[in-house]
Amino acid sequence: MSATIFTLRRITEMGLGTSWPVANGGSHHVSLRQTLLYALLVGFAFYLGCKLGVALATPTDKIATFFPANAIVLAALLLTDQRRWWAYLLVMVLADITLSMEYDLLAHRVVLFSIANFLEALVAAVSLRYLLASPIKFEQISEMLRFFLVVLVSGSFAACVASAVTFFEAPELSYWSFWRAWFLSDTIGLLIVTPLIILGFQARLSWLKSVKFNRTLEALGLALCLFIVSYYALGAEAGVTDNFPALLYAPLPFLLWAAIRFNGIGVHLAILVITIFSVGTAANGLGPFTSSSPIENVLSVQFYLIATAVPIMLLSAVLSQHRLTVQEKNNAIEEKDKQAAELVIANEEKDKRAAGLVIANKELSIAATVFESQEGLMVTDASNVIVRVNRAFTHITGYSAEDAVGQTPRLLSSGMQSKKFYATMWDSINRTGMWEGEILNRRKNGEVYPEYLYITAVKNAKGTVTNYVGSSTDITSIKSAADEIERLAFYDQLTQLPNRRLFLDRLNQALAVSAHSGKRGALLFLDLDQFKNLNDTQGHDVGDLLLQHVAGRLTACLREGDTVSRFGGDEFVVLLENLSEDAIKAAAQTKDIATKINISLNQPYQLDEHGCLSTASIGATLFIGHELMAEELLKQADIAMYQSKAQGGNTLRFFDPMMQEVIIARVKLENELREGIEQQQFQLHYQMQVDSTGQPIGAEGLIRWQHPELGIILPRHFIPLAEDRRLILPIGQWVLDTACAQLKAWQQSPLTSDIVLAVNVSAKQLHQVDFVEQVLATIQRHGANPVRLKLELTESMLLDNINDIIAKMNALNKIGINFALDDFGTGYSSLQYLKILPLAQLKIDQSFVHDIATDSNDRKIVRTIITMASSLGIEVLAEGVETPEQRQFLLDNGCLQYQGYLFSKPVTIEEFEANLKKADANLGS
């Protein structure tokens with residue numbers, strides 16, 4: 001037995017060890033658990049095959065006509081890993097021992113028969129692996145002939161082994177008869193069952209899925225016809241076919257049908273049906289193969305099956321080979337066509353690349369020109385190492401290309417930005433691919449300078465960052481001009497305290513904070529007692545020194561967050577914030593601070609060589625939220641200060657509560673304003689705008705309230721209330737509708753068709769989500785030309801959400817609408833945005849123009865504004881021009897557009913058009 005096992009191992013090493021792909025992919029590691037599972041399945045199938053062979057054997061002599069069990073083992077060896085052969089042998093022995101107990105056979109003979117059966121399958125598997133370079137598919141004549149040869153050889157070998165065992169055990173039996181019976185039954189089983197199993201596993205039943213509905217019906221019809229014909233041709237009683245011998249070949253047309261229409265697996269299924277019918281009926285004494293001799297019956301069936309199956313299998317292989325040849329030719333033709341098409345596409349692609357190369361060269365030329373722009377450009381790689389800079393970068397920083405390339409942007413670091421600043425910057429770059437803002441950098445000579453920096457991440461097609469591009473602009477001059485404008489516009493030149501303009505802005509902010517927090521605030525209005533006498537006796541120089549000392553003492557007395565301002569002359573105003581929510585406690589806190597101020601101001605002053613004493617009268621008023629406007633609060637504090645003066649000075653007085661009448665009047669005005677909106681009691685008055693030659697170029701539409709009782713009310717009396725109560729939205733829409741309707745009417749006349757009409761837009765209007773859509777809808781509704789419409793903004797609007805405002809301005813600017821920045825110079829937070837705002841015009845506030853002939857500070861401010869606007873390419877228009885001297889100063893300094901009473905006051909549309917005609921006539925003459 002050990003010699004047998006050794007022989008089997010050597011055979012597997014020589015034959016089954018060849019690299020022939022198997023169903024499981026030929027894994028190098030054979031799992032024992034998987035091997036046992038396969039072995040159990042093969043053993044069970046082998047056992048059923050043996051039972052089927054015995055069931056179809058002759059009833060008396062138990063001669064098997066058809067033995068499919070060995071075919072199952074052969075298929076398993078071909079389809080699974082060859083190294084599992086020992087497990088298959090083991091389960092075959094166990095299955096045969098089980099059968100021996102069922103049929104009362106000698107166990108040792110059954111074991112030898114098992115080895116013979118296994119050797120038959122093993123020899124066939126080894127031979128097929130040796131003769132074929134790839135798994136057998138039964139699609140070619142050569143494959144089929146080699147398979148037949150292997151089946152004959154392996155069947156003969158197994159029959160010889162089994163016959164030898166039987167001869168030694170029972171010499172009385174005919175060796176030749178036993179050999180023939182074993183050989184034929186095994187050969188038929190191998191011929192019919194092995195191809196069926198292999199083809200079934202190779203196809204994985206996918207052919208059934210690909211069969212269309214009509215082919216499915218055809219297959220069912222073929223199976224039904226074959227079943228009926230086989231039943232009557234092969235299952236009839238003995239002797240029936242003697243009169244009709246041709247009836248035996250009645251199934252042949254259906255086998256041909258299967259070979260032609262359903263390839264190999266269909267043929268083998270059909271042959272299996274005929275085999276089961278012929279063998280089964282013969283075993284039960286029925287059919288055309290029944291005679292007095294069982295051996296003759298078996299031989300007749302076996303030769304009938306071989307004569308039927310072999311030609312049909314060969315025919316199926318011929319047809320399959322023909323189909324493969326045709327398919328290969330078709331594939332070759334398709335491949336040739338595909339290659340031709342690809343060649344055409346390749347030529348087209350080559351032409352496109354050539355054209356793209358021409359375009360790319362042009363773009364490179366343009367890019368090179370753009371790179372050497374006036375903005376400093378720095379390009380780094382993904383690791384933030386500088387790879388290129390332009391000449392403007394060298395001009396701004398002082399670092400040449402040789403200095404910068406190979407360094408990182410830290411070369412420019414001033415050390416004045418925090419780690420949080422850079423963390424925020426890189427977070428924006430990583431999230432959005434860009435960052436922009438102001439930054440302080442250091443030049444090569446050590447000078448720190450401000451620049452506006454725009455960083456963009458450059459990504460490849462895969463989305464990976466390859467470079468960073470930084471575009472920078474030196475804004476030193478802009479910042480200096482802005483600082484100078486801010487200093488002149490918002491600070492008192494003598495005391496360096498905030499002036500009235502800046503104080504009012506801070507007061508408005510304090511009102512907003514108070515409304516949000518619920519905490520009260522207070523205003524202190526101070527006026528120095530007997531200051532005029534000091535000026536008259538000691539001179540203005542000494543008076544100015546006193547004012548400077550008073551400013552210093554007031555600042556020292558205040559808490560952090562409080563504000564002190566000089567309004568002019570000897571008047572100072574103090575803003576106290578974050579007082580108690582309770583009115584009484586807030587008044588007590590205000591009194592304590594005012595007392596501290598009085599004590600400090602009462603101390604003697606040493607003014608150069610002059611010593612003096614001074615006191616102050618103080619008026620106070622409390623506020624919370626937006627109950628009162630800033631100007632009203634100042635009036636209350638001023639009235640309270642005069643009450644203090646009336647009491648002899650050097651004391652504190654709070655505002656008289658009787659002034660509540662003002663609040664009542666305000667509520668009444670609000671109700672009347674709501675009614676005015678419903679009844680559209682408004683008019684637009686038009687103030688002419690002219691150029692340096694006096695030619696009318698536009699107009700500003702100014703709203704007037706036609707009150708049924710009070711008559712014409714100017715906007716300064718109701719617009720702040722409308723802003724506060726959100727009534728400005730319907731009022732603003734009415735103004736926009738009226739302006740667009742007027743522009744449409746003007747389009748019809750050559751005299752007015754070129755007139756640009758400017759209207760004011762409130763902050764609440766601008767911050768509406770659908771503001772752009774509202775403006776577009778209004779223009780379309782009236783059919784107005786958007787190029788003739790100008791929207792005026794104020795600087796205070798730019799404090800919140802500047803990016804959203806810029807996006808809206810750009811959207812409207814695309815259709816031709818222009819923007820002007822009204823009252824320029826009265827705000828202080830928007831100067832840094834002038835560079836990026838799409839502005840067409842700056843309007844110098846009339847407060848600067850009013851004293852331009854006498855006030856040197858106003859003249860400096862106006863010159864600075866004109867110079868800045870000119871450097872940014874923005875037009876300048878001066879408001880409030882009332883005298884020829886003002887106009888001449890503006891003209892001499894480069895301001896070429898004006899608006900004011902010198903040319904026309906705001907008038908009705910009829911008067912405005914009459915003025916236009918008069919101006920046209922004057923110019924014509």
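Is Ser 428 buried or exposed, and at what relative accessibility? At 13% relative accessibility, Ser 428 counts as buried, a class that requires under 20% relative accessible area, whereas exposed requires over 50% and partly exposed lies in between (1.4 Å probe, protein chains only). The structure is a predicted model, in which local features need pLDDT of at least 70 and side-chain atom pairs count only at pLDDT 80 or more, while totals for chains, interfaces and linings use all residues. Residues are numbered from 1 along each chain as its sequence is written, and side-chain values use heavy atoms, with hydrogens and water left out.

Ser 428 is located in helix H15 (residues 419-432); helices (H or I, at least four residues) and strands (E, at least two) are DSSP runs, numbered from the N terminus. With residues up to four places away in sequence not counted, Ser 428 touches Gly 433, Met 434 and Trp 435, contact being defined as heavy atoms within 4.5 Å. Leu 196 and Ile 271 are separated by 75 residues in sequence and by 9.7 Å in space, C-alpha to C-alpha.

Helix H2 (residues 32-55) packs with helix H3 (residues 69-79) at an angle of about 155°, their axes being 7 Å apart. Axes are lines fitted to C-alpha atoms, for helices over the stretch in contact, and angles run from 0 to 180 degrees between N-to-C directions. H2 is therefore roughly antiparallel to H3, the term for angles over 145 degrees; those under 35 count as roughly parallel, 65 to 115 as roughly perpendicular and the rest as oblique. Val 42, Ala 45, Phe 46, Gly 49 and Cys 50 of H2 meet Ala 69, Asn 70, Ile 72, Val 73 and Ala 76 of H3. These residues comprise eight nonpolar, two polar and no charged, where Ala, Val, Leu, Ile, Met, Phe, Trp, Tyr, Cys and Pro count as nonpolar, Asp, Glu, Lys and Arg as charged, and the others, Gly among them, as polar.

An open sheet of mixed pairing is formed by five strands in the order S7-S8-S6-S11-S12; two strands pair if DSSP finds at least two bridges between them. Strand S7 (563-568) and strand S12 (652-654) are the edge strands, each pairing on one side only. From one strand to the next, the twist averages 20°. S7 pairs with strand S8 (residues 571-576) in the antiparallel sense over five bridges. Helix H21 (residues 630-646) packs on the sheet and touches strand S6 (521-528), S7, S8, strand S11 (616-623) and S12, its direction making about 145° with that of S11.

Across the whole structure, 13 aromatic pairs are found. Rings of Phe, Tyr and Trp (its six-membered ring) pair if their centres lie within 6.5 Å; planes under 30 degrees apart count as stacked, over 60 as edge-to-face and the rest as tilted. The rings of Phe 525 and Phe 567, with centres 6.2 Å apart and planes at 80°, are edge-to-face. Because Phe 525 lies in strand S6 and Phe 567 in strand S7, the pair ties together parts that are 42 residues apart in sequence. Both Phe 525 and Phe 567 are buried. The rings of Tyr 898 and Phe 903 are stacked, with centres 6.0 Å apart and planes at 15°. Tyr 898 is buried at 0% relative accessibility, whereas Phe 903 is partly exposed, with a relative accessible area of 25%.
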